[in-house]
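These are my notebook entries on one protein model. I record below what I looked up, entry by entry.

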Amino acid sequence: MATKHYTVDLQNIDSVSETLKAIQNLLDRAGSGNGRTGTEEEHLSLVFGSQENGNFTEFAPPSWHLETQSGRPIPLTSEHTFFHAAGGFDIPGQIEETLERMGESMLMESDTAPLGSYAFVGLIMAGPEWIRPYAEYLQILKRFDMFSDTEETDGISAAIQTYGWTEDTLDLLAIRMFSCQGHSGGEAFQVFRDEFGLNDALEDDELLGAFEGALRREIEELEDADLESYFWSCGYDPRGGAPAQGEAGTPCDEVIWNLIREYLVLDDEDYEYY
């Protein structure tokens, strides 16, 4: 599959505003009005660095140590470097506009990475205020059926590993469980739950309430959804036996089983309590 690599010349980080304008101009040219770089098989990859005497030197990727929920190291690029730095600048609306344009361009950076995926990991590492815009970006990808099971887990992993469990990171987890579940979102949720300390965090009543609220929002926004399959993918089989209310064992399991009872409206005989 062909990839067009576009080098972005950044002489110094103070020119970040002009660089963002250059990216938007690039998107105008690359999209050619149809959201593609020319053919369905082409990708667009951004490479950031500086030009000197006709030689382009790519920025070295950051030295963070980040892993996905599966333990796979997150591959870092010069795009992470640039957007991590850009996140520290006061550029009202310009970064957000660029990211929105990247998402709506329907362009891919690789087989598994929609354009903007790498940018958001860098921004999330720059500050927690980028988590909510990232959640909005995921909704853009879902609208275009471009959600990636692999790369989009990187952003969620980066947020959780950097900031722990907060209302915003719990919101990302709820999105991953339902509207952006994809092929492996259920499995990803189980790893986040079991290996990233979710149940310990949900001992806090405020965080537990925030998680339940995020799950309700996701469930109610699904259209014509087979809710049973979503819960089943996350490890909760509504027809395979349910714990009695109050006896699920962990805060996460308790809130999810309560939602299963409420939203699936199964008859009592459909449950085999244990």
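**Entry 1: Ile219.** I located Ile219 in helix α10; helices (H or I, at least four residues) and strands (E, at least two) are DSSP runs, numbered from the N terminus. I looked up its accessibility and found Ile219 buried, with a relative accessible area of 5%. For these notes, buried means under 20% relative accessible area, exposed over 50%, and partly exposed in between, with a 1.4 Å probe and protein chains only. Not counting residues up to four places away in sequence, Ile219 touches Phe178, Leu227, Phe231, Leu259 and Tyr263, where contact means heavy atoms within 4.5 Å. I also noted that Ile219 and Ala174, 45 residues apart in sequence, lie 9.2 Å apart in space, C-alpha to C-alpha.

**Entry 2: basis of the values.** The model is a predicted one, in which local features need pLDDT of at least 70 and side-chain atom pairs count only at pLDDT 80 or more, while totals for chains, interfaces and linings use all residues. Residues are numbered from 1 along each chain as its sequence is written, and side-chain values use heavy atoms, with hydrogens and water left out.

**Entry 3: the chain as a whole.** I counted 12 helices and three strands in the protein chain. Of its 274 residues, 51% are buried. I then turned to contacts between residues at least 6 apart in sequence: 70% of these join residues at least 24 apart.

**Entry 4: α7 against α10.** At what angle do α7 and α10 pack? I found about 35°, with the axes 9 Å apart; axes are lines fitted to C-alpha atoms, for helices over the stretch in contact, and angles run from 0 to 180 degrees between N-to-C directions. The crossing of the two helices is right-handed, that is, the near helix is turned clockwise from the far one by less than a right angle. On the α7 side, the contact includes Leu170, Leu173 and Ala174, and on the α10 side it includes Leu207, Phe211 and Leu215. The residues of this contact divide into 10 nonpolar, no polar and five charged. In this count, Ala, Val, Leu, Ile, Met, Phe, Trp, Tyr, Cys and Pro are nonpolar, Asp, Glu, Lys and Arg are charged, and the others, Gly among them, are polar.

**Entry 5: α12.** Helix α12 covers residues 251-264, which makes 14 residues, and reaches 20 Å from its first C-alpha to its last. This is close to the 20 Å expected at 1.5 Å a residue, the expected span being 1.5 Å times one less than the number of residues. Is α12 mostly covered or mostly uncovered? I found it mostly covered, with 11 of its 14 residues buried, including Trp257, Leu259 and Ile260. What covers the buried residues of α12 includes α7, α8 (185-195), α9 (198-201), α10 and α11 (227-233).

**Entry 6: cysteines.** I searched for disulfides, meaning pairs of cysteine sulfur atoms within 2.5 Å, and the structure holds zero. Cys234 is in no disulfide, and the nearest cysteine sulfur, that of Cys252, is 8.9 Å away. Cys234 counts as buried at 1% relative accessibility. Cys180 is also buried, with a relative accessible area of 1%.

Entry 7: Thr98 lies in helix α3, residues 94-104, and is buried, with a relative accessible area of 0%. Leaving aside neighbours within four places in sequence, Thr98 is in contact with Leu20, Ile23, Gln24 and Leu27. Met106 sits in the loop between α3 and α4 (117-126) and is partly exposed, with a relative accessible area of 24%. I recorded its phi as near 60°, a positive value in a residue other than glycine. Helix α4 itself is mostly covered, with nine of its 10 residues buried, among them Tyr118 and Phe120.

**Entry 8: two further loop residues.** Ser15 lies in the loop between β1 (3-9) and α1 (16-31) and is partly exposed, at a relative accessible area of 21%. Ser15 and Ala86 are 71 residues apart in sequence and 9.7 Å apart in space, C-alpha to C-alpha. I found Phe59 in the loop between β3 (55-58) and α2 (78-86); at 23% relative accessibility, Phe59 counts as partly exposed. The C-alpha atoms of Phe59 and Val47, 12 residues apart along the chain, are separated by 8.3 Å.
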